[in-house]
There are 2 protein chains.
Amino acid sequence: MGEKGETNRQRIVQAADDLFYQKGYEATSFSDIAEAVGIARGNFYYYFKTKNDILVAVLQKRRDDIRAMLDEWDKEYPEPRARLKRYILILVKSQSEIENFGCPVGSLCTELNKLRHALHGEATEMFEIFRLWLEKQFAGIGHKKDAHKLALRLMARCQGVSLITSAYSDVDFLHREVEELQQWIEGL
Amino acid sequence: MGEKGETNRQRIVQAADDLFYQKGYEATSFSDIAEAVGIARGNFYYYFKTKNDILVAVLQKRRDDIRAMLDEWDKEYPEPRARLKRYILILVKSQSEIENFGCPVGSLCTELNKLRHALHGEATEMFEIFRLWLEKQFAGIGHKKDAHKLALRLMARCQGVSLITSAYSDVDFLHREVEELQQWIEGL
DNA sequence: GTCTATATAATGATAGAC
DNA sequence: GTCTATCATTATATAGAC
């Protein structure tokens, strides 16, 4: 595997990642991905044998991306409360994507769950990475006992905001809820 | 259109409704629906010409079902606060379906939005029916000015609970959040 | 590593006998 | 109203030339 090959493989995974998010897993075909990357369908199978293999790679990449993002936040924000507020701020920073396609984590988990897909557990792992990180931050502001409950609640509230925002294409709602969530964290 | 025809048509719509919820719209084929009803694929087209036509009928039925349910609640619960608490109680009453497939309204809206489907607006109409009804109840307990904001917030929170519950298959989380939501309504 | 076929199955959809 | 047969298209997937 030389440099060129690695790069092309990465391009395929990135294109699949985007399309699974924007169109959904089922609705995305090999042709869609191949077209987005600019390679022939046949060549496609040199990198991935099945659609399942691509999903494995996409989920792996997403988990890596999430871990890298949380590491960045840990460096940038020393205070646990500031980290919690940064988490909520994803909604604002990704508002246009959320308005169009909802949350990439939540919508993929929902779809794979309905498909009774073998990789549903790997998708939920994305939530788990966030949850464990959020628990640490809640514990850090003196809610060690409630950390689990609060972490799940915060994720759920952000999921709800994402879903309603995309259903209504209403970013004003998103901003109102982010404000309220920030105040909630502030007051804990 | 005789009685038998009406009944068979209703059976098709009911089967499609269930399958769109449990498997998703894209993942459900004509064969799936025909098999569930117990009729041949060919006969199927006597009732619906396109998959789009079935979705129209399913969305129509869902909206009718929601309106009928809210009318029932209006009769059963005279107090607006009791009505709001009844709304939240859907989560508990449908807990096993939610654990397996999430919220039928939210997940269909998300999928049709990603597909850039022409009927996405009709799906969001389901949320609108709930929202208008919730607004009335919030206004009825003295939150006329905040009614819009609170209605959307309550729907979003229930969506978040449904999504996390299904991702984790964690009905304990659902019960904890329902308890918290009931207290929130109680304290308003 | 990349391409052009091509195999195979399933999909949405139609025609027409009964 | 119901069925069988069939079509066109698209999907995943493979073989093999270059």
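This report describes the fold, the confidence and selected helices and residues of a predicted model.

**Overall architecture of chain A**

Chain A contains 10 helices and zero strands. Read along the sequence, its pattern is α-α-α-α-α-α-α-α-α-α. The C-alpha trace of chain A spans about 55 × 35 × 30 Å along its principal axes. Of the 188 residues in this chain, 53% count as buried. When contacts in chain A between residues at least 6 apart in sequence are considered, 67% of them join residues at least 24 apart.

The accessible surface of chain A amounts to about 8,600 Å², and carbon and sulfur atoms account for 49% of that surface. Chain A carries 27 positive and 29 negative side chains; the centres of these two sets lie 4 Å apart.

**Confidence in chain A**

The mean pLDDT of chain A is 96, and 97% of the residues score at least 70. Among the elements of this chain, helix H1 (residues 3-22) has the lowest mean pLDDT, at 87, whereas helix H9 (residues 147-168) has the highest, at 99. Over residues 1-5 of chain A the pLDDT is below 50, and this stretch has two contacts in the model beyond near neighbours in sequence.

Helix H9 of chain B covers residues 147-168 and has 22 residues. At 1.5 Å a residue, H9(B) should span 32 Å, and this agrees with the separation of its end C-alpha atoms, which is 32 Å. Because 20 of its 22 residues are buried, H9(B) is largely enclosed by the rest of the structure. H9(B) is followed by Ser169(B), which has a positive phi near 50°.

The buried residues of H7(B) include Val105(B), Leu108(B), Cys109(B), Glu111(B) and Lys114(B). Just after H7(B), Arg116(B) adopts a positive phi of about 50°.

**Individual residues**

| Residue | Relative accessible area | Class |
|---|---|---|
| Ser162(B) | 3% | buried |
| Phe130(A) | 8% | buried |
| Leu89(B) | 30% | partly exposed |

Ser162(B) is located in helix H9 of chain B. Its relative accessible area of 3% is under the 20% cut-off, so Ser162(B) counts as buried. Leaving aside residues up to four places away in sequence, Ser162(B) touches Leu91(B), Ile98(B), Gly102(B) and Cys103(B).

Phe130(A) belongs to helix H8 (residues 120-140) of chain A. With residues up to four places away in sequence left out, Phe130(A) touches Ile66(A), Met69(A), Leu70(A), Tyr87(A), Ile90(A), Val105(A) and Met155(A). Phe130(A) and Tyr21(A) are 109 residues apart along the chain, and their C-alpha atoms are separated by 18 Å.

Leu89(B) is part of helix H5 (residues 80-93) of chain B. Its relative accessibility of 30% falls between the 20% and 50% limits, and Leu89(B) therefore counts as partly exposed. Lys145(B) is 56 residues from Leu89(B) along the chain, and the C-alpha atoms of the two residues are 25 Å apart.

Key. Residues are numbered from 1 along each chain as its sequence is written. Chains are lettered from A and ligands numbered from 1 in the order in which they are written. This is a predicted model: local features need pLDDT of at least 70, side-chain atom pairs count only at pLDDT 80 or more; totals for chains, interfaces and linings use all residues. Side-chain values use heavy atoms; hydrogens and water are left out. Helices (H or I, at least four residues) and strands (E, at least two) are DSSP runs, numbered from the N terminus. Buried means under 20% relative accessible area, exposed over 50%, partly exposed in between (1.4 Å probe, protein chains only). Contact means heavy atoms within 4.5 Å. Accessible areas come from the Shrake-Rupley method with a 1.4 Å probe; for residues, only the protein chains shown count as cover. Lys and Arg count as positive and Asp and Glu as negative; His and the chain ends are not counted. The place of a charge is taken as NZ of Lys, CZ of Arg, CG of Asp or CD of Glu. The expected span of a helix is 1.5 Å times one less than its number of residues. pLDDT is the predictor's confidence in each residue, from 0 to 100.
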